[in-house]
Amino acid sequence: MSKSIEQFPKELASPLAHLQTLGEKNSKLHIKELFALESDRFQNYSVKFDQLFFDYSKHRLTKDILGQLVALANTKNLTEWINRLFSQNKINCTEKREAMHWALRLPVDYPKFPDLTEQVHSQLQRMYTLVEKIHAGQYRGSTGEVIQDVVNIGVGGSDLGPQMVTHALSDFKVKTAKPLNIHFVSTMDGSQLSELLHQLRPETTLFIISSKSFGTIDTLSNAQTVRQWLEKALGTHARVLKSHFIGVSTKSDKMSEWGIAPENQLLLWDWVGGRYSLWSCIGLPIALTIGVEGFQQLLAGAHAVDEHFQNTSFDQNIPVLMALLGVWNNNFLNIQTHAVLPYDGRLKYFAAYLQQLEMESNGKSVQRSGQKVELDTCPIVWGEVGPNAQHAFYQLLHQGSQAVTCDFIAPIQRYNADHFTYVENAEALVEQHHLALSNCLAQSRLLAFGNDALDPSELENLPIYKQYEGNQPSSTLLLDELNPYNLGILIALYEHKVFVQSVIWNINPFDQWGVEKGKQIADQLLPILNGIQNDLSTLDASTRGLIKILLGKVDG
């Protein structure tokens, strides 16, 4: 632990002191010893919820430690904070906003917040109508041709969430009147856009401009480029803008000013954070991929977790357990990095999505009170699809000098004949899925048990560079199947894990001032690079020197 116990507030001293003592006492305790001590450890440290199974038995954890972690959560008034989250309180204290992403997945007949539910579903219904019109081939470009390519232009939460889910649920792509392709553009340098536009026809392409503020320079720069591309091919008449652009934002006036027709505007609310927005109309690319029913199933899975999170005791509450495990590893075992390792290629973008969700939310060093944090906050989150990662960074996991915690994620069933196109190869593909599953289990086993995972005969005369210490903690999350409902479950579990940790660390997970300031400084430098401003006197020597090189003002 990075801080001495004397630095903590007196009211928290008891659970923190106990956890610090347990951390020091158990710092050398090996996972294999814990399994030897508890024959029923797997049953005692796992939870089944709906269509997901959560195994956390391979953590350096005892019942006493878990009890003290729950006591810490109680000392931090976690139950009260959960109730505040699922209310209309302005829980985002620095921006004086609510944080009601959970409201985006309320069922249409949910009785508790009728006005809020009606508000959300009015926009969702507008999105559903648009989706069905595009799927039926009834939405046409300015020349009368059917839309066949949809390009989502966004960045951050307006890109990562929809892209991750769209790719993850590719097996559930709905049939449309004509084949419909979904593309994503986010880079501000134009590289993605340049490559993509060569493949598209202006007459059959629809662009979604997704920007909560409708002022993000990355997004608007790309939007302006495609507008010029369309107008060059199709003309500058208003019908081009009306037929080829959809806007998703909180700012109706800015969308109208840019040229997006009111009937093509889908609205958000200030209380929807970007990294929590895929459940809203920002999820239009998702709905276009998996259809209205599929999108509704995604929402239903997340709502099921919302109910589980609010109504389940902490020792059986999966997002609470995930959060407390992270606190234990980060704050008391000094493990500062966390790897996310899905054993399914469809979850290719899941680790990148969680990087934003976790590090943008909890990468803070100031408490809600304005004082510096007393506990280290968010670990570094990274990862990759497991089979690829095995040939990249698993060497460090197994034999490196860094301690890393891991989440292994895998579906139990794969290549379901109801959803997978190439069913004629089903038997061979199922064998490939079993190959992935065997690797998933093998890697977590070796990370936990080290040499004890090897055949005893193999250990005889085994050189030290071929030996494995193990004792690397990991969780395993198994989904019955990777489908819209279960992916909704998985994402919402991580959302609530992040919130619980923010309560433990006493930080606001719903702002991102570091991100905002970086954008503002970039806006100050842009006029200099564009030759509009020449005064470099207020800049540091490094930035001045780099700008001169970029502008060609330094002799070679």
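**The largest pocket and the space inside**

Modeller: In this predicted model, four helices, α7 (157-168), α9 (217-234), α14 (350-362) and α20 (513-529), each supply at least two residues of the lining of the largest pocket. The largest share belongs to α20, which gives 5 residues. The space in this pocket comes to about 900 Å³. Its lining counts 37 residues, and the closest to the centre are Ser213, Thr216, Gln512, Glu516 and Lys519. Sorted by class, the lining of the largest pocket has 16 polar, 12 charged and 9 nonpolar residues.

Rolling a probe the size of a water molecule over the atoms shows where empty space is left. Over the whole structure, the search finds 4 cavities of 30 Å³ or more. The largest cavity has a volume of about 190 Å³. It is lined by 20 residues, of which Met322, Gly326, His338, Thr405 and Lys497 are the closest to its centre. Both helices and strands contribute here: α13 (318-332), β8 (337-342), β10 (405-413), β11 (474-481) and α19 (484-505) each supply at least two residues of this lining. Among the contributors, α13 has the largest share, with 5 residues. The lining of the largest cavity divides into 10 polar, 7 nonpolar and 3 charged residues.

The second largest cavity holds about 60 Å³ of space. Its lining consists of Phe86, Trp102, Leu106, Tyr110, Lys112, Phe113, His303, Asp306, Glu307 and Gln310. By class, that makes 5 nonpolar, 3 charged and 2 polar residues.

The packed parts complete the picture. In soluble globular proteins, nonpolar side chains tend to be buried together. In this model the largest nonpolar core has 119 residues, and Met127, Phe350 and Leu487 have the most contacts inside it. The element that gives the most to this core is α19, with 14 residues. The helix α19 also supplies at least two residues of the lining of the largest cavity. Leu487, leaving aside residues up to four places away in sequence, touches Val165, Ala168, Leu169, Leu298, Leu347 and Leu482. Another core, of 21 residues, lies apart from the largest one; Leu196, Ile209, Ala223 and Val226 are among its members.

Conventions:
Residues are numbered from 1 along each chain as its sequence is written. This is a predicted model: local features need pLDDT of at least 70, side-chain atom pairs count only at pLDDT 80 or more; totals for chains, interfaces and linings use all residues. Side-chain values use heavy atoms; hydrogens and water are left out. On a 1 Å grid over the protein atoms alone, a cavity is a set of points where a 1.4 Å probe fits but cannot get out, and a pocket is an open set with protein on both sides within 12 Å along at least five of seven lines; lining residues have an atom within 4 Å of a point. Grid points are joined across faces, edges and corners, and a volume is the space filled by probe spheres set on the points. Ala, Val, Leu, Ile, Met, Phe, Trp, Tyr, Cys and Pro count as nonpolar, Asp, Glu, Lys and Arg as charged, and the others, Gly among them, as polar. A nonpolar core is a set of buried Ala, Val, Leu, Ile, Met, Phe, Trp, Tyr and Cys residues joined through side-chain atoms within 4.5 Å. Buried means under 20% relative accessible area, exposed over 50%, partly exposed in between (1.4 Å probe, protein chains only). Contact means heavy atoms within 4.5 Å.
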